[in-house]
Amino acid sequence: MNNSNILSIHSMLPTMAETQLVKGRTYVGIDFGTSTTVVSIATKEDGKNSIKTLPIQMTQVLEDGTIFQSEKLPSVIAWYNGRLLVGEGASNLKYSLTKGKNIWFSFKMEIGEDLGAKYYESEVGSMEGINIRNPKDCVRVFFMYLNMLIKRYCKDNGLSENIDYAVSIPASFEANQRKELMEALETNGMTVTKQSLIDEPNAAFISYVHDSEESDKPLLISPHYNSKVLVFDFGGGTCDISILEIGKSVNGLYSKNVAISKFTKLGGDDVDRFLTYKYLLPRFFEHNNVKAEDFRTKERQFIATQLYKVAERLKILICKKIATQVYKLEIPKHLKTRDDKEEISVDINIETRKGVLSQSSFYLSNKEFCEAMSVFVKNSKLATTISGQEDYNNIFMPIDSAIRKANVKKSEIDYILLIGGSAQNPFIQEAIKDYFDDAEILVPQDLQTHVSKGAAIHSLLMNGMNKCIIQPITSEPIFVITKDTTNKVLIPAGTTIPSDTVVVDDLMPTKEKQEAIELPICVGSENKMLFNLKITRDGGFPTSAQVSLAVEITADKLLLAKASCMGVNCMVEPQNPFANKELTTEERIVLRAEREANIETEKNGGVPTKNALVKLRKAYEDAGNDFRAAETLEQQNEIYPNPSDYNLIGVYYHNSGNRHKAVEFFERAIEHNPNDYWPNFNIGNTLLFQDPKRARKHLEKAYEINPSEPCVNILLGRIDKQEGKAEDAKLKLQVAFDAYERRWKTNSLNRADYGWFASVAEELGMRDKAFEIRSAKPKIEQTAYYDADNLTQTRTKALQKS
């Protein structure tokens, strides 16, 4: 075997033995996971190439006060019986406590979102030293506890309490997420350097290289071409794909990132969510003699979250059972179709508006689990969409993203390294093996402690020896929105981090005396705006003015930007956008309203104010989410009763396709006022095809109340037409058309009128008029995060680096 082709820490850092390690420090790596966190320590003796790593045992307090030790710390916080629990004790309370109120988990992927007091019901929201009101607070408290455990371990084991940390994070973590994590570390006095954060796939690769050099099967690279390694990191809340290139240079072997997948919301938690909604939740409702439609979305979601832990346990049991019969990562076909059930017994009691729902025995079959996993391992560019639920992405979406960015074929991948707790799932492993049939699949002995050991090695090399094995890169392009045909890219995807400072000095105002200059900086897409640099000046700016923009990415992947024009400067650090995903204008409107509602609810002692609910309902309406608008107005009516809202609640439910709920509220409106035109018309419209006789009764009542109203004339005209009464039908349709035409001429049509007006015009044979009406329907007023009139344009194409 040619030793020069063996990949090892030493072969990538041949001078490591001669490099002095900074003394009197302890080098710690933290794998901060969505569901589980692991901590390792790295050590090295002088004059030797070998580095030793060890996951540390962390002391945790269980819910009954028992002391428990494990190298795995669940990323869960709970407030229970007047004490704060972190780790296993908190995790055991997922069944009995309420998320956001007295238990918090899966908060890692929620940092970087500015939704105000998201946990407005928190029992420790104003408790000094804890103050949990949002995911950022959870991360701060979690690391406060973790820091205490690490220091206690160092003290008990005679290690220096001068600790240098490296923390592994998803490769697709956004700048604002990284920023909030750094702030949480610094708040707790944890020493962080410029490269203290390492992408999880990179940490995993370092760890595997380290372990393989001590095994009888070291990693080999080709002497004829640069090898490619795809790191598949599938954890509780993330599915990150990183592609590395391994090659030779005059200084020995090297590795570098060539692509990172686009952020895709996908993790083991999503499998639990699917299992819950598909199998456990329907059986839970049936067991308690209730229906899903008896509960609003938020209450259904709350009930579902109480079952996620059950789904997770059943998933793990089935995966472990199947894994014992897997051969070369292939699952025997008969296991996928068997109805064998895994069962667990656990008492679940959930308080709802319909009383306490309970169940103590749950099951899941092999066949059901196989059907569920088909959603996540299907090779498709499209997510699986199920009404009323968040989309379910599949593992090949981020894989395809990374391969396209790397500009390679899947056949060019030499190794696949599987990491993350969810990568232990045999269905995931089989799907990866089948897709990459030319690659060698690498599975570490312990998928969950693996990344922390790589982070510890990174801490030792970076903090103790000023060495870096893998140079990280940007996963998405960063650009500024301008008036040009295409936006101006500032930092391309694949740029090495830290980047040079990029200076753009060829921008200019688009009009004379432009009152302000705005430079919206985006990552990947216009729907992911990081911040908007805005410069103002008395008297405005002439078109001859030169606008200068300088941007750079720090070693911690934080984007810094500075703009200037005519001596006026604007400099910002990354500000928190409302979310880390791409957002449409309508979604931004909703998130802003949700943030304001959370803030007002917290100020009002945990009870939503009427004003907050009105704004939130309007935001849902503007975004076209009639179902959420209905539920919000229903909630408002429960807290602030107003029978006149019944009809509108019904309309929202009708528009969202929830006819059963629509009829319920139209009936309540009619009960309140039998002679109200609109609920009579609306219930007739809703029941027209389901119960024609009952529908006609209400439509005739509506016609009796207001015979000139166009909508009821249209529906009764259609009924007349079906019954062969052509002249009566035409007369009613003409009455409706004339009424709408008068509104059209006086510009008094509302949004709903346009559809009715166009349809009656079509029925009367006026197709051109119908097209004109539909084309004139007003669009939702867009809420932009910048003023397009204040954008810049390119004067020249000069782009320089400094």
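Five helices, α14 (610-622), α16 (646-655), α18 (677-686), α21 (726-745) and α22 (751-763), each supply at least two residues to the lining of the second largest pocket. The structure is a predicted model, and its chain is divided into domain 1 (6-215 + 446-465), domain 2 (267-392), domain 3 (473-575) and domain 4 (594-610 + 624-776).

**Second largest pocket**

- The volume of the second largest pocket is about 1,000 Å³.
- Its lining comprises 29 residues, and those nearest the centre of the pocket are Val651, Asn655, Asn750, Arg751 and Ala752.
- Helix α16 makes the greatest contribution to this lining, with six residues.
- By residue class, the lining of the second largest pocket consists of eleven nonpolar, nine polar and nine charged residues.

**Cavities**

- The model contains three cavities of 30 Å³ or more.
- The second largest cavity holds about 120 Å³ of space.
- Strand β12 (197-199) and helix α5 (200-212) each provide at least two residues of the lining of the second largest cavity.
- Of the contributing elements, β12 gives the most to this lining, namely three residues.
- The lining of the second largest cavity divides into seven nonpolar residues, three polar residues and three charged residues.

**Interface of domain 2 and domain 4**

- The centres of domain 2 and domain 4, taken over C-alpha atoms, are separated by 38 Å.
- Contact between the two domains involves seven residues of domain 2 and nine residues of domain 4.
- About 640 Å² of area is buried between domain 2 and domain 4, and carbon and sulfur atoms give 42% of that area.
- On the domain 2 side, Glu293, Arg296 and Thr297 account for 70% of the area that this domain buries against domain 4, which is more than any other three residues supply.

- Strand β5 (residues 58-61) pairs with strand β6 (residues 67-70) in the antiparallel sense, over four bridges.
- Within this pairing, methionine 58 has serine 70 of β6 as its bridge partner.
- Five residues lie between the two strands of the hairpin, and glycine 65 adopts a positive phi near 95°.

- Strand β8 (residues 76-80) and strand β9 (residues 83-86) run antiparallel and are joined by four bridges.
- Tryptophan 79 has leucine 84 of β9 as its bridge partner.
- The hairpin formed by β8 and β9 has two residues between its strands, and asparagine 81, in the turn, has a positive phi of about 50°.

Conventions:
Residues are numbered from 1 along each chain as its sequence is written. This is a predicted model: local features need pLDDT of at least 70, side-chain atom pairs count only at pLDDT 80 or more; totals for chains, interfaces and linings use all residues. Side-chain values use heavy atoms; hydrogens and water are left out. On a 1 Å grid over the protein atoms alone, a cavity is a set of points where a 1.4 Å probe fits but cannot get out, and a pocket is an open set with protein on both sides within 12 Å along at least five of seven lines; lining residues have an atom within 4 Å of a point. Grid points are joined across faces, edges and corners, and a volume is the space filled by probe spheres set on the points. Ala, Val, Leu, Ile, Met, Phe, Trp, Tyr, Cys and Pro count as nonpolar, Asp, Glu, Lys and Arg as charged, and the others, Gly among them, as polar. Two strands pair if DSSP finds at least two bridges between them. Domain bounds come from an automatic or database domain assignment. Contact means heavy atoms within 4.5 Å. Buried area is the accessible area (1.4 Å probe) that two parts lose on being put together, summed over both.
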